[in-house]
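This report concerns one protein model and is intended to be read beside its sequence and coordinates.

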Amino acid sequence: MTNAFRTGERVCLRALEVEDGELLRAWLNDPENHQYLSLHRPLSAAAEREWLEHLHKRTEDHIFGIALRETGALIGSCGLHHVAFPHRSAELGIQIGEPGKGYGSEAIRLLLAYGFETLGLHRIELRVHENNPRAIRCYERLGFRREGEKREARWWAGRWWSVFEYALLESEWAKL
């Protein structure tokens, strides 16, 4: 795949382009994916385009497209957000357009390697909603530890859900 920034066995991380906006917006607005995000209303084409056009100016965010290695097809996005120095911490975010094929785990491993080995981060944290058991299993398999719970912090589909907080430290990553 051309334009690959980090490459794994099946996926690679690459820069996001303005042309990716339509596909990204479709995934973000899909009810199946929307339930796991912090968005509460549909994302417009104009808002997505503006976000992509200004992405290169956001130095505290390192955001990538996730593409299939063989075909180059975009299948999602991921990033390290709010990268903070001198604390050397960041928040991980990921969204796969069609989940369930293990691509997310591989993309997260590439992102973690970038964060710990290239950026020199000490801590990478994330939040995950209780109603996303597939993501919870994935994060735990990758070594993330649950550090906290915000009880009944999210209203979705007619009921309250908790939000779990996870983190992985540099020393834990080194042992994986």
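## Basis of the model

The model is predicted; local features need pLDDT of at least 70, side-chain atom pairs count only at pLDDT 80 or more, and totals for chains, interfaces and linings use all residues. Residues are numbered from 1 along each chain as its sequence is written, and side-chain values use heavy atoms, with hydrogens and water left out.

## Cysteines

Zero disulfides (pairs of cysteine sulfur atoms within 2.5 Å) are found in a search of the whole structure. The closest cysteine sulfur to that of Cys-12 belongs to Cys-78 and is 11 Å away, too far for a bond.

Cys-12 is buried, at a relative accessible area of 1%; buried means under 20%, exposed over 50% and partly exposed in between, with a 1.4 Å probe and protein chains only. Cys-78 is also buried, at 3%.

## Asn-131

Asn-131 occupies the loop between strand S6 (123-129) and helix H5 (133-141). Helices (H or I, at least four residues) and strands (E, at least two) are DSSP runs, numbered from the N terminus.

Asn-131 is buried, with 8% relative accessibility. Beyond its neighbours within four places in sequence, Asn-131 is in contact (heavy atoms within 4.5 Å) with Gln-35, Tyr-36, Trp-156 and Trp-161.
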